Amino acid sequence: MVARPRSDSLPAAMPTASEPSRDCPLCPRLVAFRETWRAAEPAWSNAPVPSFGPREARLLIVGLAPGLRGANRTGRPFTGDYAGELLYATLIEYGFAIGRFEARPDDTLRLVDARITNAVRCVPPENKPTTQEMRTCRPFLSATLAELPGVAAIVALGKIAHDQVLAAHGERLSHFKFVHGARHRIGGRNERGEVALFDSYHCSRYNTNTGVLTPDMFRAVFAQVRGFLDAEG
């Protein structure tokens, strides 16, 4: 088991406009699931997972939702399961993270010019949030975007994240088809105006085991992002 992270090891330990409270009551099904796991695994975080990384970042990475034995356990996005191993290794390779990823929130990993969040902040049963849960949690994503005035690029990990980013920006989903490796220009809510939305298949073990996503395909997305941000200056 992993001990619950210290409050000083997590970003936004106190609730803000962009972070739900530890006992967020908004989604009854997710609340019940959370309480079940708090009783079963009291040493786990078992709470909405806050965003991770500096608020001055130019890159925002948006996932679907915390994994049960990953971020829900450790309290940090993509920490404790295979998806994090691929994601953080790739971020280190392209200069968006430094330190050593050891799959726990008190390791030496730090993000550089990047921030990570989830479209749904609480772990859902079977990793499948409902449409209503996604809609209910969307204001937190909107607030996260609003508090990143310098964001120039967003990486959406999977179609649900892609759709939620578009909805948070008030865009029509039909105008922006999700395609791995695609780049879209969408209306921004920041000092730069438009932002670039990059699509990637989610870096889950299922996707990599089935060949839907290879490490090279994933790296290619972040190579695009790196080149884009370097050109932006």
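First, a term: buried means under 20% relative accessible area, exposed means over 50%, and partly exposed is in between, using a 1.4 Å probe and protein chains only. This is a predicted model, so local features need pLDDT of at least 70, side-chain atom pairs count only at pLDDT 80 or more, and totals for chains, interfaces and linings use all residues. Residues are numbered from 1 along each chain as its sequence is written, and side-chain values use heavy atoms, with hydrogens and water left out.

Now, rings. Rings of Phe, Tyr and Trp (its six-membered ring) pair if their centres lie within 6.5 Å; planes under 30 degrees apart are stacked, over 60 edge-to-face, the rest tilted. How many aromatic pairs does the structure hold? Seven. Take phenylalanine 33 and tryptophan 37: centres 6.5 Å apart, planes at 70°, so edge-to-face. Phenylalanine 33 counts as buried, at 18% relative accessibility. Tryptophan 37 is buried too, at 17%. Ring pairs link Phe33, Trp37 and Trp44 into a cluster.

Next, tyrosine 88 and phenylalanine 101. Their pair is tilted, with 4.8 Å between centres and 40° between planes. Both residues are buried. Arginine 76 lies over the face of tyrosine 88, 5.7 Å from the ring centre. The cut-offs there: NZ of Lys or CZ of Arg within 6 Å of the ring centre and within 35 degrees of the ring normal.

Last, cysteines. A disulfide is a pair of cysteine sulfur atoms within 2.5 Å. The whole structure has zero. For cysteine 24, the nearest cysteine sulfur, on cysteine 122, is 5.9 Å away.
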